Amino acid sequence: MDHSKKQYWQINLRYLIFLLAIWFFISYGCGILWADFFNEFQIAGFPLGFWFAQQGSIYVFVVLIFVYVILMNRLDKRFDLDE
Amino acid sequence: MIQTWTYTIVGITFLLYIGVAIWSRAGSTKEFYVAGGGVHPVLNGMATAADWMSAASFLSMAGLISFMGFDGSQYLMGWTGGYVLLALLLAPYLRKFGKFTVPDFIGERYYSHTARIVAVVCALFVSFTYVVGQMKGVGVAFSRFLNMPFEVGVIVGVAIVFFYAVLGGMKGITYTQVAQYCVLIFAFTVPAVFISIQMVDHPIPQIGMGADLPDGTALLAKLNQLSIDLGFHEYTSPDKPRIDLFCVTAALMLGTAGLPHVIVRFFTVPKVRDARISAGWALLFIAILYTTAPAVAVFARTNLINTVDQVEYANIPSWFKSWETTGLLAFEDKNGDGHIQYYNDQNPSFIQEVAEPNGWKGSELTIDRDIMVLANPEIANLPAWVIALVVAGGLAAALSTAAGLLLVISTSISHDLLKKWLRTDITERRELLTARISIAVAVIIAGYAGYNPPDYVAAIVAFAFGLAAASFFPALILGIFDKRMNMPGAVSGMVIGLIFTASYIIYFKFGGGVGHPEQYLWNISPEGIGTIGMLTNLIVAIVVSRLTAPPPLEVQELVEDIRVPRGAGKPSAH
């Protein structure tokens with residue numbers, strides 16, 4: 001693999017780790033592991049842990065994919081690897 | 001009245017699907033398998049969403065959540081979060097790889113016919129269990145609302161799917177699914193909006209479930225109180241062991257990302273960047289239903305308790321009686337006082353403190369959770385055309401998923417088994433004919449199985465996800481992200497992951513462990529064991545691959561090639 005492709009892949013992996021960390025934190029963290037703690041707080045009539053588990057995490061999933069798409073489209077252009 | 005509306009609306013939607021199918025029929029294998037690789041990402045997102053959301057998502061999920069409360073989150077997160085994994089870790093690379101099927105990738109990446117055959121068998125098993133459930137859903141919807149015998153309902157459903165799947169292949173299915181998505185999402189959200197306005201005077205159910213009731217108490221606080229008063233746990237708090245909630249959610253997510261009928265959708269778009277974005281569109285379209293469902297669950301649960309709790313049976317509303325005739329709802333006056341007592345009779349302290357002093361002799365209501373979505377508009381007294389719409393939506397959900405699965409089945413047979421293994425010299429015309437014949441046979445077998453549904457359909461679905469998580473997911477991920485991964489590693493990982501997961505599920509669902517949750521490994525239920533199976537697979541695969549020779553050079557080059565988007569081209573058979 002030549003140098004620029006290697007660098008492209010490294011940056012891609014960094015994006016993945018960053019986005020998947022958020023994915024894990026919101027769903028498994030806020031929605032499951034610390035749900036009781038977050039349930040102590042209220043947001044718009046919802047206990048917060050419950051909101052994360054049944055609403056918030058899904059919204060975050062959608063946003064994560066679109067952010068990834070934007071980041072990758074930019075990266076493809078920067079390394080001249082787009083189609 | 002309801003019947004006239006139902007016939008009209010279901011009839012119109014069926015004509016629509018048939019019209020779309022005729023307009024978009026397939027002429028080549030490429031059109032038949034991957035819709036020619038030219039589907040616009042937004043349309044592909046819609047089709048994927050319709051493909052993904054089955055009769056279970058549409059009819060059963062909200063009902064399930066309304067009885068599980070917080071713990072129902074495992075389905076909501078589990079069946080959406082997998083799309084993040086798909087978009088980030090699989091879809092773009094598999095699209096760049098540019099073949100028709102998942103077994104294609106496994107077979108070439110691990111340079112082995114054995115690996116391909118294992119993948120084909122898994123794909124067939126997973127798809128078949130799923131499709132049977134869809135056919136059953138079609139039969140139930142027809143028999144309840146059109147007063148047709150259950151069997152006739154199944155036959156009508158089979159005939160429709162047969163027509164457009166055989167004719168159109170992936171191309172016909174994709175465009176029909178776009179229409180079906182529109183029908184099902186409209187049918188799911190309209191009643192939810194109506195009920196939200198009725199109960200909390202807010203038109204958006206996602207916000208309405210957090211709003212205040214007319215008397216000033218918050219809806220969720222009220223529901224928590226109602227639940228506790230009847231001996232259930234608090235609706236908005238987790239009840240199951242946290243590790244089980246964690247593992248079930250993970251198994252569903254990993255399974256989603258490993259299911260062949262979902263992955264194949266990303267072969268239908270023109271470019272790698274389209275594969276990424278169409279996963280985003282798919283999840284957005286899915287999220288509309290998945291964020292509405294928990295609101296429907298809250299509304300339905302509150303409505304149900306208010307309607308039946310301590311009510312005199314003689315004054316029960318008419319919807320109750322019409323569901324009683326189906327046998328899915330039953331009242332048994334155990335203490336003979338003529339009133340309905342509905343409470344948690346598995347809760348010892350509640351029985352001792354509340355039930356016995358009041359002379360209650362057990363909960364008197366048996367409710368099939370599956371009826372909640374269908375009965376909900378009736379419970380809320382919505383107009384007849386809304387109820388008809390829900391029936392059409394349920395049918396759209398079942399038919400679209402069935403069609404997608406049937407395509408995977410026919411592709412596995414005509415492409416993976418015949419073209420790539422048994423008869424490599426077959427012409428395209430013959431391959432297309434075989435694909436059509438195998439889809440036709442598959443529809444008929446699925447229809448027959450739906451007509452005589454085997455028990456344990458739900459248990460088998462857990463099986464499908466667990467196995468997909470424990471077999472396909474690690475093999476695909478490692479195939480892309482670990483260049484050093486070789487055939488012995490991947491195959492031993494898949495085999496050990498499969499055996500571990502399958503034996504755990506069989507033991508606790510069909511064998512000696514039935515009814516013994518205290519024997520669970522670390523409190524993990526069979527639904528969640530796929531997560532442990534996945535980790536086992538991953539570890540075994542990595543260890544074995546490091547102890548054996550690296551994969552051939554051309555395979556390593558293939559891995560490097562799929563990591564960059566440029567040069568994807570059209571999907572090809574060769």
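I turn to the overall form of chain B. Its radius of gyration is 24 Å, close to the 25 Å that the globule rule gives for 574 residues, so chain B is as compact as a globular protein of that length. Along the principal axes, the C-alpha trace of chain B spans about 75 × 50 × 40 Å. Of the 574 residues in chain B, 57% are buried. Among contacts in chain B with a separation of 6 or more, 83% join residues 24 or more positions apart.

Next, the confidence of the prediction. The model has an ipTM of 0.93 and a pTM of 0.87. The average pLDDT of chain B is 81, and 92% of its residues score at least 70. Among the elements of chain B, the lowest mean pLDDT, 68, belongs to helix H2 (residues 29-34), and the highest, 91, to helix H22 (residues 529-547).

Finally, where does chain B touch chain A? The contact involves 43 residues of chain B and 39 residues of chain A. On the side of chain B, helices H5 (73-97), H9 (205-208), H11 (242-258) and H13 (272-308) are the elements that give two or more residues. H13(B) gives the most, with 12 residues. By class, this side of chain B has 25 nonpolar, 10 polar and 8 charged residues. Thank you for your attention.

Definitions and conventions. Residues are numbered from 1 along each chain as its sequence is written. Chains are lettered from A and ligands numbered from 1 in the order in which they are written. This is a predicted model: local features need pLDDT of at least 70, side-chain atom pairs count only at pLDDT 80 or more; totals for chains, interfaces and linings use all residues. pLDDT is the predictor's confidence in each residue, from 0 to 100. Helices (H or I, at least four residues) and strands (E, at least two) are DSSP runs, numbered from the N terminus. Two residues are in contact if their C-beta atoms, placed from the backbone, lie within 7 Å. Ala, Val, Leu, Ile, Met, Phe, Trp, Tyr, Cys and Pro count as nonpolar, Asp, Glu, Lys and Arg as charged, and the others, Gly among them, as polar. The radius of gyration is taken over C-alpha atoms; the globule rule is 2.2 Å times the number of residues to the power 0.38. A residue is buried if 20 or more other C-beta atoms lie within 10 Å of its own, exposed if 12 or fewer, and partly exposed in between; C-beta atoms are placed from the backbone.
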